[in-house]
Every structure is written in C-alpha cells, then in structure tokens.
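I opened my notebook today to look up a few features of one protein chain. Come along and check each entry against the picture.

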Amino acid sequence: MTGAWPCIAIIGGGFSGARIAANLACDRDMEGWRIAVFEPREKLGCGLAYDTDDPAHRVNVPAARMSLDPDDADHFLRWLDAHGEPRDDAGALASDGHLYPRRGLFGRYVEDSVAPFLSEGRIVHYRERVIGVERTGSAWEIRGDGGTELRADVLVVAATHPAPEAPAGIEDVLRGHVRYVPDTTVPGALTAIRPNDRVLIIGTGLTAADVIASLRTTGRTGPITAFSRRGLRSRGHACQAQDPYGDFTSPPAESATELLVRVRRAIASAEAEGFTWHAVFDALRAQGGQIWRNLPVAERRRLVQRLRPFWDVHRFRVAPQIDAIVSAGLQSGDIRILAGTITRIERNGDEIAVAFRRRRAGGTEHWNVDAVVVTTGPAHKSVLKSQSWLDALSTAGYLQADAVGLGLACSESSRALDHQGRETENLFIAGPLARGTFGELMGLPQVNDHAIFVAAQVAALARARKAAANARVPGAVHRGCRQAP
C-alpha cells in the first residue's frame, strides 16, 4: 500500500482531472498533502478531447477564448507565441480572422500547465487504469491495473464520458466487421476505411463533423451519408463578433416550455436589431448554470429529453475549417445529412445493406455501404456500468445516476450523493459527469471554472481537517507553503 496520510486521489487525468490537480498543487491549504492522479494516458490534461494527432481535429472556438486563466484572456495566445505555434499549419487561421489551432496543440498547453508540479513531485501521475475502489473507514482504497494500491483521504471522480452506444440491433449485426467503428475515440479508429468506401455515419453532431473532416483531409473521397433522428447538424460561428444578447434569469424561467418561448422571442428581437441567433445562445451559455438551477428537476429532465438536440447543435459549433468541408460536400452532393431511422441492417460479405426510412416521408430506401461509424455521443445512462469501479461504488451505495440522465448525482458543492441522497464529505464529482447538477459543463470555460470550484472545495476540506488537527495538538504551528510557479 503506497501513500502516507493525507492524500487526495483524482481518478481521470483529462482536462478536468489535470486542472483540479494543478489548482490544488498551488493552493496553500494543500501543503503537506499528496496529490495523486490515475490516468492511463502518457500525458495529463489531454483526455478524450485533446489526445489526438489528427490534423483535421481543431478546437471549436477561437484560441482567444481558450485561456486556462480566467483572469488572463490572452494566456493561451501568449503560450502559442512563445512556442512558435501553430507551425506547419497554414489552415489554422480561419477566414473570420480567428485562430483555430489543432486540438492536440491545446492538449500540449494543458499538459504544460501541470508539468512543473509533476517534476516537483507535488502531483504524482499513476499511469494506470483504476480497477477497484473500496471504502475503508473514512478513507478510499484504490487499486490500479499496474499493481498500485493507494489509500486516499479524499477522492475526486473526474472520469471520462462513457463510450457511444449504437442504436438497438446494429451492434449485434456489425460487431467484428473490419469497417465498423463503434467508438471514434479509439486511436486509429478510421484506419480501415478505404479511399472510395461508401460511409454511413450514425449521428450528425460535432463528432460526425470531425469524422467527415478526417475522412476528407486524408484522401477518402467516397460518398458519406450521416443521419440522426432529426437530422440536425452542428452550426458554424457567426461571421462577426457579437455581444451576448438576452436575459433569461430575471425573472427565472420555471419550465422548459417557458424557456423555449423566451429564447425564440429573443432570437426574433436580436435579428430585428441586426444580430444573429449566435448572440442569444452566447447569453444562454453564460447564464446556463443559473438557468439550470432555477428549473425544477422535472423540467430539467424535459429540457434534456425534448430540447437537448436543438441546444447541442447551436451551442457546440464547429470550427470554420470543418464547417467549410462539410458545407462543400453538402453542396456537391457527395455528403448527405438526413433525418430518419434504420429499419433493417444486414451484412452481405464485406458490404452492409441498410434499409432507411426518412423522417416524415413515406417508403423505405435501400442502400449498400462499406463502412459504418457511430458518433451518437456518450451513453450517459450507462455511466455507472461503464467502469467496474463505478459500478462497485454504486452497488455499495456511494454513487447514483443523476435524475436527468447526464451523469452522476452530486450536491451544489459537487460532492457525490449516495443512494439516500446524502452527501459524502470526501467524495467529489468533477467535470461533465456533474452536469445533472450544474447544467452547462461542456464548454471549456465552464469546465475550467468547475475544476477551480472543485479544487477550492477540496482545499476547504483540507483546511478544516488541518484546523481540527492543530486544535488537538497544543502549540501546533501552521507552516505556510510557497506558491508554486
């Protein structure tokens, strides 16, 4: 068993886990605490989003809005300049004048924010997958697949999203097919797709746009059909900068329907004043946390079930470079985006036969394709079954799914709620898995702010424990810690 008291363990070293660790490492109240991060990837900070060397994968918002320091908007831009980046990337500068560097480059930026603390030993990176977590007294016993056993006084769950889930029946038919791609986050997932293959993409959101861009920029010119139930594709950015438009918190909307009506009115008003819908959705994003908290749980659930697809395609916009690729394909006809459902799918040797019914249209279309790629987004409802240790903590009563089906239940302090709805003082939920409570936790500024918030909650707990320990030891002196660089 490794690690001496006190210790905080963070499971997941993607963006959220890395940023929590970095914020804790430079907090005075964490002096004397060991900060351990379990992350099987070689580097901390990249996670699913930024652990990519695909040249088609770009950040979806301008670099000027990607700073890790909320008080220094130009921090990322200065980092790029200091490192001579982006180099060998003539397409990084979009026609709107903004810089959209490759995602892997942003991952390096996040990695650099953690690196000094790793070299100093303030943060310890266990490059292992967690295979077990158990409660022992008031602590957590964590086991990694590399043999590490660690006792932690505080545990932060910063795990990634569950893998996508194909529509019913498709997985059973296509499992094992060389050009069936059930999860595009797996390295080299698209490698088997040949230059002239006919590709069917299940899903039409951000990941579908990334797949289309990846195929086209690597010389795959075969026809692409992407579909979803509604056929909504992620929108692009506004041509010109606009300030957020609209107030959706004064007074607060009390139902999903009321919020929808107010958004539609705001868009109409914005357009009458020369703005676009982008400005309204920017206001919604900025006010998202408060809007979410003002809604009863039943209305949050309705919002997710009925309106989330519309929110996603307007809120999560594609980089102009990717939008241009998709738009060109739609115009030429070699890319189609359809609304409807698959009614039957069969394998005929290497070919895949598909029967498809369009939304609000009679009859069934029959296609033959060579490859099928699933981009339906994370299977949020399966989060507790996605990893064995999450399932075990749920079975033991420490974790439960949130009431709206987005992740794990937690309180307003981001502490996990057990099966009786009670907070567990030293168990925290971080990142997008806390969306059920906090709402807008997908865009980088919001996820970064939440990482800062969780780190502050953990530091407050450490401060309280230190005060309690000092109270038990007469004459104890607080050792102030130096600020990390």
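Before starting, I noted how axes work here: they are lines fitted to C-alpha atoms, for helices over the stretch in contact, with angles running from 0 to 180 degrees between N-to-C directions. Helices (H or I, at least four residues) and strands (E, at least two) are DSSP runs, numbered from the N terminus. This is a predicted model, where local features need pLDDT of at least 70 and side-chain atom pairs count only at pLDDT 80 or more, while totals for chains, interfaces and linings use all residues. Residues are numbered from 1 along each chain as its sequence is written, and side-chain values use heavy atoms, with hydrogens and water left out.

**Entry 1: two helices**

I looked up α1 (residues 15–25) and α4 (residues 103–120), and found that their axes come within 9 Å and cross at roughly 30°. Which residues make the contact? On α1 they are F15, A18, R19, A22 and A25, and on α4 they are F106, V110, S113, V114 and F117; contact means heavy atoms within 4.5 Å.

**Entry 2: helix α11**

I checked the length of α11 (residues 320–332): at 1.5 Å a residue its 13 residues should span 18 Å, and the end C-alpha atoms are 18 Å apart, which agrees. The expected span is 1.5 Å times one less than the number of residues. Q321, I322, D323, V326 and G329 of α11 are buried (under 20% relative accessible area; exposed is over 50%, partly exposed in between, with a 1.4 Å probe and protein chains only). Their cover includes α6 (206–217) and β11 (335–348). After α11 comes G333, with a positive phi near 95°.

**Entry 3: the sheet**

I traced an open sheet of 6 strands in the order β3-β2-β1-β7-β16-β15, with mixed pairing; two strands pair if DSSP finds at least two bridges between them. β3 (123–126) and β15 (415–417) are at the edges with a single partner strand each, so one side of each has no neighbour in the sheet. From one strand to the next, the twist averages 35°. Inside the sheet, β1 (residues 7–11) and β7 (residues 154–157) run parallel and are joined by 4 bridges; I8 has V154 of β7 as its bridge partner.

Most residues other than glycine have a negative phi, and most peptide bonds are trans. I found a cis bond from E85 to P86, with omega near -5°. P86 sits in the loop between α3 (75–82) and α4. D88 lies in the loop between α3 and α4 too, and its phi is positive, near 50°. Is D88 buried or exposed? D88 is exposed, at 72% relative accessible area.
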